[in-house]
Amino acid sequence: MARDTNPPVRKAEDDLREIPKWARRYAQNRTLPVVVLLLIFAAGCAVLGGLSYLSVWADMAGQRFLAAASMVVLSGFAIWWLWFCLVGGRPIMRRVAERSYQGDGSVSVGACARRTRPPLGVFDLMFIVLVSVVAGLLAFLPMSVTQPMSALYVVPFFCYLGMRLRRVGVGSPFMFLWPALYGIHAILDVAGVPVRFWGDLRALDVGVPLVGYGLIAALAGHIYGRVALRRLRMLAASPELSDGE
Amino acid sequence: MKRSADSAQEADDRVREIPKWARRYAQNRTLPVVAMLVIGAAAFCVFGGLGLLTGWAYVEDRRVLAAASMLVLCGFTVWWLWFSFIGVVRIMRGITERLYQGEGGAVAGACAGIGEHKGPLRSITERLYRGEGGAVAGACAGIGEYKGPLLAAFLLQFCVLASIGLGLLGFLPIRYMQPVSALYAVPFLCYLGLKLRPVGSPFMFLWPGLYAIHAVLVVTGVPIGMGPMLDMVVPTFGYGLVAMLSGHIYSRVALRRLRRLAASPELSDGG
């Protein structure tokens with residue numbers, strides 16, 4: 001069929017073709033739940049770290065009651081964390097996602113993801129994380145190389161995860177910013193650029209880049225999602241399409 | 001005439017006995033729990049052994065051995081996670097198929113209320129008893145209610161973590177760890193037994209019973225200590241095994257009785 005040469009009709013046709021493209025872009029970039037999850041993860045790590053530190057400090061300072069109390073609170077929080085990861089987190093995150101986008105309505109991209117087992121890559125990552133933590137504790141790995149060493153497995157894992165999500169049609173392309181920034185941070189660290197924490201804050205060498213770059217990537221995706229939504233609304237409200245109806 | 005009335009009465013009694021023994025047999029199919037306990041005990045030994053080896057090698061400055069055992073320990077930890085969440089069904093199926101391969105296949109009865117979800121224990125049960133067909137012990141609609149047991153399991157984990165933490169800080173002497181653990185393990189096991197009561201073996205109550213008696217004996221000073229590591233492991237897994245094996249033996253008795261009842265001439269004549 002020949003393409004319509006009438007400019008308003010042609011514009012309406014182009015607009016129509018643009019709608020699914022921008023709808024997909026919008027749907028892929030609804031990354032606010034990732035932001036919330038990262039914040040919860042950062043808060044959880046801070047609480048676990050703080051309580052452990054308090055327990056050990058109180059024990060060493062001879063404040064036995066405080067040590068016992070913080071140990072009990074630490075145990076309670078660890079179990080709550082376990083519950084959140086295995087049982088309670090999913091419905092909470094679903095509610096967060098629903099509330100975050102309740103004004104925008106619902107959208108789905110590609111085939112509906114069915115519930116699957118965790119990929120084998122997750123267990124590989126767990127093994128490497130465990131090995132590097134224990135190797136650090138046994139002083140096989142100096143603290144100064146923790147972040148660059150972690151980049152060797154974090155970057156491939158996040159790339160793998162991103163591609164896996166892309167294959168089923170979900171996942172923002174902006175999430176690839178995460179491994180990219182983490183990798184750049186590692187290169188800068190190895191090259192001697194002062195991007196490292198010092199003194200008592202050395203423990204943040206991995207945590208801050210991990211959560212920070214994740215937040216940057218997810219927020220970039222969210223902003224792009226807003227842009228896509230605005231474009232979508234503009235296309236839907238264009239006079240050419242309205243006339244067509 | 002009187003003799004035939006007596007024999008009819010006897011057949012009636014035997015028919016009435018069948019569901020009773022069928023229920024007893026179904027309740028005491030405890031072999032999957034035995035298998036789980038043995039695997040749990042073996043894993044505990046591997047964890048303990050590798051942890052001890054890594055620590056010893058590190059203190060003795062054998063760095064290559066420390067690094068190697070640390071790598072194996074990390075690998076085993078991740079394998080254990082994989083096994084707990086994914087592999088348990090597959091591996092247990094392979095083991096039990098070999099164990100019971102001579103008994104042929106049979107379809108196990110579905111338990112109403114469990115719904116679509118088929119947990120590892122149920123799959124293992126089906127495989128272990130495939131040669132004997134299916135058995136449903138009473139109504140098990142309550143099994144669909146996972147909230148209570150789940151909450152109890154998390155509460156138990158909290159108590160375990162807190163007692164280990166307090167033990168490490170020196171608040172709990174190591175020789176009283178078993179009696180202290182009995183304070184939460186006994187109520188948890190009793191609760192679990194009561195919750196599973198329509199389908200679970202009554203012999204399961206032997207587990208908390210023996211565990212509590214062990215704790216009382218330790219507190220009263222009876223010398224049954226086996227060293228800091230074994231003081232917890234042996235009562236936990238040992239009494240569990242005693243309870244579950246008792247249940248299994250009773251199920252064999254019940255099955256034999258059931259087969260005898262089904263094959264009795266009175267019933268055959270009636271049939």
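Here's a quick briefing on helix packing, the chain contact and the nonpolar cores in this model. It's a predicted model, so local features need pLDDT of at least 70 and side-chain atom pairs count only at pLDDT 80 or more, while totals for chains, interfaces and linings use all residues. Residues are numbered from 1 along each chain as its sequence is written, with chains lettered from A and ligands numbered from 1 in the order in which they are written.

**Helix pair in chain A**
- Helix α6 (residues 177-190) and helix α7 (residues 204-236) of chain A pack at about 140°, axes 8 Å apart (helices are DSSP runs, H or I, of at least four residues, numbered from the N terminus; axes are lines fitted to C-alpha atoms over the stretch in contact, with angles from 0 to 180 degrees between N-to-C directions).
- That makes α6(A) oblique to α7(A) (under 35 degrees is roughly parallel, over 145 roughly antiparallel, 65 to 115 roughly perpendicular, the rest oblique).

**Where the chains meet**
- 22 residues of chain B are in contact with 23 residues of chain A (C-beta atoms, placed from the backbone, within 7 Å).
- The largest share of chain B's side, eleven residues, comes from α3(B).

**Nonpolar cores**
- The largest nonpolar core has 17 residues, and B:Met204, B:Trp207 and B:Ala215 are among those touching the most other members (a core is a set of buried Ala, Val, Leu, Ile, Met, Phe, Trp, Tyr and Cys residues joined through C-beta atoms within 7 Å; buried means 20 or more other C-beta atoms within 10 Å of a residue's own).
- α7(B) gives the largest share of this core, six residues.
- Apart from it lies another core, of 16 residues, including A:Phe158 and A:Leu177.

Terms used: Helix = DSSP H or I, 4+ residues; strand = E, 2+ residues; numbered from the N terminus. Contact = placed C-beta atoms within 7 Å. Buried ≥ 20, exposed ≤ 12 C-beta atoms within 10 Å, placed from the backbone.
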